[in-house]
Amino acid sequence: MSLIGKEIIEFTADAYHAGNGKFITVSNEDLKGKWSVVCFYPADFSFVCPTELEDLQEQYAALKELGVEVYSVSTDTHFTHKAWHDHSDAIGKLEYIMIGDPSHLISLGFDVLDESGLSQRGTFIIDPDGVVQALEINADGVGRDASVLIDKIHAAQYVRNHPGEVCPAKWKEGIETLTPSLDLVGKI
């Protein structure tokens, strides 16, 4: 069953805030009141994961300008996140929050836990009400491109702020939207 349109699960977890170098506690309530991107990945000290998280960091300033906070999640502990941050050139660049999920509660709640006990490559866009508006899950060997999040978030924010309008494929900010109606049926 899809998580689209559903509120995220209740959770509380330890995290490493890479931007300030501190351990913090994060809960589902912290994701409310603003847009959030939650990026699940299989494991610290791995291969594709650091390239993805570094790429996400490269989009972090643009995401912050859109009012979006970023959270990465794996089944590693917050201690392991800090060690990885301290020893990897790619991960050492991160400024966003790295949530530890050793209990697997968050990964299960977002339906990304695989049979080996690792999180799959899942990306979730969550609105200020804590409701999932978009998600993507990739196979372990397929890395993600964080730049596509910008357009998806623009579209999700536009639709939220303009009830009754929808964004067509490849929509970019400033391009015309659609207003679904009987007049459009069969004409697009």
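What share of the contacts in the chain between residues at least 6 apart in sequence join residues at least 24 apart? In this predicted model, the share is 66%.

**Overall architecture**

The chain contains 5 helices and 7 strands, arranged along the sequence in the order β-β-β-α-α-β-α-β-α-β-β-α. Its radius of gyration is 17 Å, close to the 16 Å given by the globule rule for 188 residues, so the chain is as compact as a globular protein of that length. The C-alpha trace spans about 55 × 30 × 30 Å along its principal axes. Buried residues make up 46% of the 188 in the chain.

**Cysteines**

With a disulfide requiring two cysteine sulfur atoms within 2.5 Å, the count for the model is 0.

| Cysteine | Nearest cysteine sulfur | Distance |
|---|---|---|
| C39 | that of C49 | 8.7 Å |
| C49 | that of C39 | 8.7 Å |

Because buried means under 20% relative accessible area, C39 counts as buried at 5% relative accessibility, and C49 likewise counts as buried at 1%.

C49 lies in helix 1, which covers residues 48-58. An unreviewed UniProt entry places the feature "active site" at C49. Leaving aside residues up to four places away in sequence, C49 touches Y41, P42, A43, W84 and R121.

Note on methods. Residues numbered from 1 in each chain as written. Predicted model: local features only at pLDDT ≥ 70, side-chain atom pairs only at ≥ 80, totals over all residues. Heavy atoms only, no water. Buried < 20%, exposed > 50% of the residue type's maximum accessible area, 1.4 Å probe, protein only. UniProt positions renumbered as here; feature names shortened; annotations may be inferred. Helix = DSSP H or I, 4+ residues; strand = E, 2+ residues; numbered from the N terminus. Contact = heavy atoms within 4.5 Å. Rg over C-alpha atoms; globule rule 2.2 N^0.38 Å.
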